[in-house]
Amino acid sequence: MQVGESQSRGFEWEVSGHIRENWNLAAGYAYSDAKVTADINPLAIGARLPHAARHSAHIWTRYNVISGPLDGLGIGGGIIYVGDRVSTLPSSPDSPIFRLPGYHSLDLALYYSHGDYDFSMKVANLLDDEYFIAAQSAVEVQPGSPRSVSFTLKKNF
């Protein structure tokens, strides 16, 4: 949605590293106060910027087996969270503001490396939660992806 001018203030933090040699973790959080600061519609000034969540966060961890009969096997998992968002700006003093609820998605992955080959399987939105990623109005809503499974086989040269 086009607006005259907008401003976003907030902060983000991200941390990643190894808990142990074979176990890593990445996590982050963002707070964003995004507002319309100038527009031809005076009712829009000061309103939250459409589709900008105030709060979002993620965490991902991966554990790799590095010895023994399961050497080369890895498992990972994580969750993302996106807070509620508005999808419209006020057009009149009585116009309703359409809001999209916040959502979370849980993902899992399995990895296996052997020689020059890497195999991975990822399950996105494991719990098959219904969520919405965008909307232009109350009747034009874009749903998020349902549960999906993807496989990758890679040969290293």
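Lys155 has a relative accessible area of 34% and is therefore classed as partly exposed. The model is predicted. In this model Lys155 forms a salt bridge with Asp116, and their closest N and O atoms are 3.5 Å apart. Because Asp116 belongs to the loop between β7 and β8 whereas Lys155 belongs to strand β11, this pair ties together parts that are 39 residues apart in sequence.

**Salt bridges**

- Side chains of opposite charge can pair when their charged atoms come close.
- Five salt bridges are found when the whole structure is searched.
- Asp116, the partner of Lys155, counts as partly exposed, with a relative accessibility of 41%.
- A further salt bridge joins the side chains of Asp107 and Lys122, at 4.0 Å from N to O.
- Asp107 is in strand β7 and Lys122 is in strand β8, so their pairing ties together parts that are 15 residues apart in sequence.
- Asp107 counts as buried at 15% relative accessibility, because the buried class covers values under 20%.
- Lys122 counts as partly exposed at 38% relative accessibility.
- Asp33 and Lys35 also form a salt bridge, in which the closest N and O atoms are 3.7 Å apart.
- Lys35 is partly exposed, its relative accessible area being 34%.

**Nonpolar surface patch**

- A nonpolar patch on the surface is formed by Tyr112, Tyr117, Phe119, Val149, Phe151 and Leu153.
- Together these residues have about 620 Å² of accessible area.
- Strands β8 (117-124) and β11 (148-155) each contribute at least two residues to the nonpolar patch.
- Strand β11 provides the largest share of the nonpolar patch, namely three residues.
- Tyr117, one of the patch residues, lies in strand β8.
- The relative accessibility of Tyr117 is 44%, so Tyr117 counts as partly exposed.

**Ser105 in strand β7**

- Ser105 is located in strand β7, which spans residues 103-114.
- With a relative accessible area of 5%, Ser105 is buried.
- When residues up to four places away in sequence are not counted, Ser105 touches Gly78, Ile79, Ile80 and Asn125.

- Strand β11 holds Lys155 and supplies three residues of the nonpolar patch.

How values were computed:
Residues are numbered from 1 along each chain as its sequence is written. This is a predicted model: local features need pLDDT of at least 70, side-chain atom pairs count only at pLDDT 80 or more; totals for chains, interfaces and linings use all residues. Side-chain values use heavy atoms; hydrogens and water are left out. Patches are made of residues with over 30% relative accessible area and no salt bridge: like charges are joined within 9 Å, nonpolar side chains (Val, Leu, Ile, Met, Phe, Trp, Tyr) within 5 Å. Accessible areas come from the Shrake-Rupley method with a 1.4 Å probe; for residues, only the protein chains shown count as cover. Helices (H or I, at least four residues) and strands (E, at least two) are DSSP runs, numbered from the N terminus. Buried means under 20% relative accessible area, exposed over 50%, partly exposed in between (1.4 Å probe, protein chains only). Contact means heavy atoms within 4.5 Å.
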